[in-house]
Structure formats: C-alpha cells, structure tokens
Amino acid sequence: MHYFFVNEETLTEGSEVFLSREDLNHAYRVLRLKNGDHVVISDGLGIAMQGLVTLSTAERVVVKLIKQLPSGESPLHITLCQSMVKGDKFDLIVRQATELGVKRIIPLLTERSIPIHRSEQESKKLMRRLNKIRSAAAQCRRSELPALEKTYKLEALCREIQGEIAIVPWEEEMNRSIDQVLTQPCPISRAVFLIVGPEGGFTSAEIEALIKAGANIVNLGPRILRSETAACAVTAIIQGAWGDLSGKGEPV
Ligand code: SAM
C-alpha cells in the first residue's frame, strides 16, 4: 500500500483528508491512484491509518480514513548527533537514520567537522534533507517523522545529555567496547544519544568534555569506520540490543 504524510492535526476514522501538494503529482500521474485504491495516511506524529481513495484528479486526491494501523515506531528514543560531514554524506546518514528508527537528528559542530555556511544554499540543503526524511519514512512505513534539529555546538550538547544515556564511539578508546554499555538494562524511559565524530575524529579535549557530561566512550573494534558507516552501524547495534531491530516485533 502506498504511504503518504499529511499535515492534518488529527486523523479520525471516517473523516476525509487531501494529499499534500508535494504528493499530488506523484499520486495522480506516477502511481495513478484511482477511486477505491487503498493507501496509508500518517500525520508524521505517530498515527498511521488505512484509507480509501474517494477522488483522484490532477488538482486533488481525497482519501477517506478507515482504521488506525499499528505504529511502526521503535519504543526506544534514539537521538543521533552527527558531526558535520560533506553534504551528500550527511544526506545518506539522514536517510539511513530515518530507516533505522532514529527519533531526532542533531547536526553537530566540532573542532574538526566540515564548517557550515549560512546561505541560501544551506536552506536548500535543509529542504532536501526534510524531503529525504519524508520519503525514507514513507518507504519504511514510519508513523513518526524524525526531527531534524538546528546545528548544535558540542557545549550545548554536553548540557543536554546530562542524566541521559550517551554513547560516543571513539577509535582511541582502549578499555570500553560498545557491548559493555549495551549489557546495561534497556533505558526505554530515557533518551539515548549516539554522538558520532567527523572524518578527522574528536579531539581529546572534546572527549574530556563528553566524559564530564556523563557520556560513555566506546570502541567499535579494530577497523576505523567512516563517519557515515559508524553512524549507521552503531544505530543498528543499539536498536538491535534495546529497540526493535531484533525482528521480534516487540520491545525488548
Ligand atoms: N580521524 C580518525 C582516525 O583516522 O583515526 C578516524 C575518525 S572516523 C573516520 C569517524 C568517526 O567514526 C569517529 O570520530 C568515531 O566517532 C567513529 N569511529 C569510526 N571507527 C571507529 C572505531 N573503530 N571505534 C570507535 N569509533 C569509531
């Protein structure tokens, strides 16, 4: 069934919704939706409903909502804090994090990360990333769109992670591996922050600040992974251990 996000505030059984302007062309001309076709409509905030197309024209596609569907959301609240890397790599991370059930994505400025330029190009990039989130979420049937936050500096992030579980992969960590953290009980009621460094890695001073804020610094084994690989691999490991990637379909 094709999956669409709408901007309605509340979705209720029996009501009708219009597909958004962004989806209209795709729904009508590409998918050729017609009356009687079944689709899924989500508000992007956690509710997904089965719907029936009742009108399909080039100007308007109307869907009647039939019944609520089970949520495709992980019980685990993962925030991926990703040091800025080159544009297309960041786009890839955004897409993969969405598929892996991350709830928030924070672009992070660190000493060695790629600098950001406030320009029209940046706002175009942001739009492109929001579209990527939308299409990845529709493709993998998430009912909640991950939030793409504004860029954080490390100091601000250090304040936010206090009292939460924060995991920081650092290739120079010799004593602690990621599975030592993941054998702790599953923190369903707490946020899990995964903080991944840039291509140049974190500096020792940054690692000290993160330790002071209570972060768990971990090693990922003998190979040095690219930043985008580390983000995806560790998200999958955390979601497998504490979330819903074990394939059991139930919170662990
Ligand atoms: N500049 C570093 C070097 O060459 O030694 C490598 C940085 S790595 C390309 C990018 C990020 O991925 C790191 O900051 C870290 O967060 C994570 N990472 C990659 N491989 C890792 C490993 N084996 N252990 C822990 N973290 C790793």
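This is a predicted model: local features need pLDDT of at least 70, side-chain atom pairs count only at pLDDT 80 or more; totals for chains, interfaces and linings use all residues.
Which residues come nearest to the ligand?

## Around the ligand

Pro169, Glu199, Leu220, Arg223 and Leu225 come nearest, out of 19 residues around the ligand. Sorted by class, the shell holds nine nonpolar residues, along with six polar and four charged ones.

As for where the ligand sits, the space it takes is the largest pocket.

Backbone atoms are worth a look here. Glu199, one of the residues that come nearest, has a polar backbone atom 3.0 Å from a nitrogen atom of the ligand. For Gly200, a backbone N or O atom lies 3.3 Å from a ligand nitrogen. Glu171 also takes part, with a polar backbone atom 3.5 Å from a nitrogen atom of the ligand.

How much of the ligand does the protein cover? On its own, the ligand has 580 Å² of accessible area, and the protein covers 85% of that.

## The chain as a whole

Zooming out, the secondary structure of the chain comes to 12 strands and seven helices. Along the principal axes, its C-alpha atoms fill a box of roughly 60 × 45 × 30 Å.

Conventions
Residues are numbered from 1 along each chain as its sequence is written. Side-chain values use heavy atoms; hydrogens and water are left out. A residue is near a molecule or strand if one of its heavy atoms lies within 4 Å of it. A polar contact is a pair of N or O atoms within 3.5 Å; within protein, one must be able to donate a hydrogen and the other to accept it, and residues adjacent in sequence count only if both atoms are side-chain atoms. Accessible areas come from the Shrake-Rupley method with a 1.4 Å probe; for residues, only the protein chains shown count as cover. On a 1 Å grid over the protein atoms alone, a cavity is a set of points where a 1.4 Å probe fits but cannot get out, and a pocket is an open set with protein on both sides within 12 Å along at least five of seven lines; lining residues have an atom within 4 Å of a point. A molecule sits in a cavity or pocket if more than half of its atoms lie within 2 Å of its grid points. Ala, Val, Leu, Ile, Met, Phe, Trp, Tyr, Cys and Pro count as nonpolar, Asp, Glu, Lys and Arg as charged, and the others, Gly among them, as polar. Helices (H or I, at least four residues) and strands (E, at least two) are DSSP runs, numbered from the N terminus.
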